Amino acid sequence: MKALPRPPERQVISAEEVARVLNFRCRRSFDDKRANLEAEGFPKKLPGLNGWSRPAIMRWLESNGGSAASNDDKPATGPTPLERRFA
């Protein structure tokens with residue numbers, strides 16, 4: 001039996017998905033560093049589409065080596081505010 005083809009990846013991704021691609025712990029980390037990332041050439045949000053271009057982000061990561069996208073720079077020292085709220 002022939003395997004079904006995988007559906008194509010979406011080309012416009014949400015802030016949560018961007019955070020995952022950049023290896024941030026959560027969306028808030030991305031939100032906090034977004035201005036600095038954009039100052040380093042990170043793609044801006046697509047006007048009118050409420051998301052970012054996946055291909056543009058992947059190109060940016062390839063050309064920057066992912067150095068600017070560094071999962072909060074240090075390991076978590078405890079639960080996040082959201083985790084504490086629902087603990």
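The following questions and answers concern a predicted model.

Q: Why is N50 called exposed?
A: The relative accessible area of N50 is 62%. The term exposed applies to values over 50%, and N50 is therefore classed as exposed.

Q: Where is N50 found, and what is its phi?
A: N50 is found in the loop between α2 and β2 (52-53). Its phi is near 55°, a positive value in a residue other than glycine.

Q: What is the phi of N23, and where is this residue found?
A: Phi of N23 is near 65°, which is positive although the residue is not glycine. N23 is found in the loop between α1 (15-21) and α2 (27-39).

Q: What makes V18, L22, F30, L37, F42, W52 and I57 members of a nonpolar core?
A: Membership requires a buried residue of a listed nonpolar type, joined to others through side-chain atoms within 4.5 Å; buried means under 20% relative accessible area. These seven residues are those with the most contacts inside the largest nonpolar core, which has 13 residues. The elements giving two or more residues to this core are α1, α2 and α3 (54-64).

Q: Which residues lie nearest the centre of the largest pocket, and what is its volume?
A: Eleven residues line the largest pocket, and R25, C26, R28, T80 and P81 lie nearest its centre. The volume is about 340 Å³.

Q: Which elements give two or more residues to the lining of the largest pocket?
A: These elements are α2 and α4 (81-85). The most comes from α2, with four residues.

Methods:
Residues are numbered from 1 along each chain as its sequence is written. This is a predicted model: local features need pLDDT of at least 70, side-chain atom pairs count only at pLDDT 80 or more; totals for chains, interfaces and linings use all residues. Side-chain values use heavy atoms; hydrogens and water are left out. Buried means under 20% relative accessible area, exposed over 50%, partly exposed in between (1.4 Å probe, protein chains only). On a 1 Å grid over the protein atoms alone, a cavity is a set of points where a 1.4 Å probe fits but cannot get out, and a pocket is an open set with protein on both sides within 12 Å along at least five of seven lines; lining residues have an atom within 4 Å of a point. Grid points are joined across faces, edges and corners, and a volume is the space filled by probe spheres set on the points.
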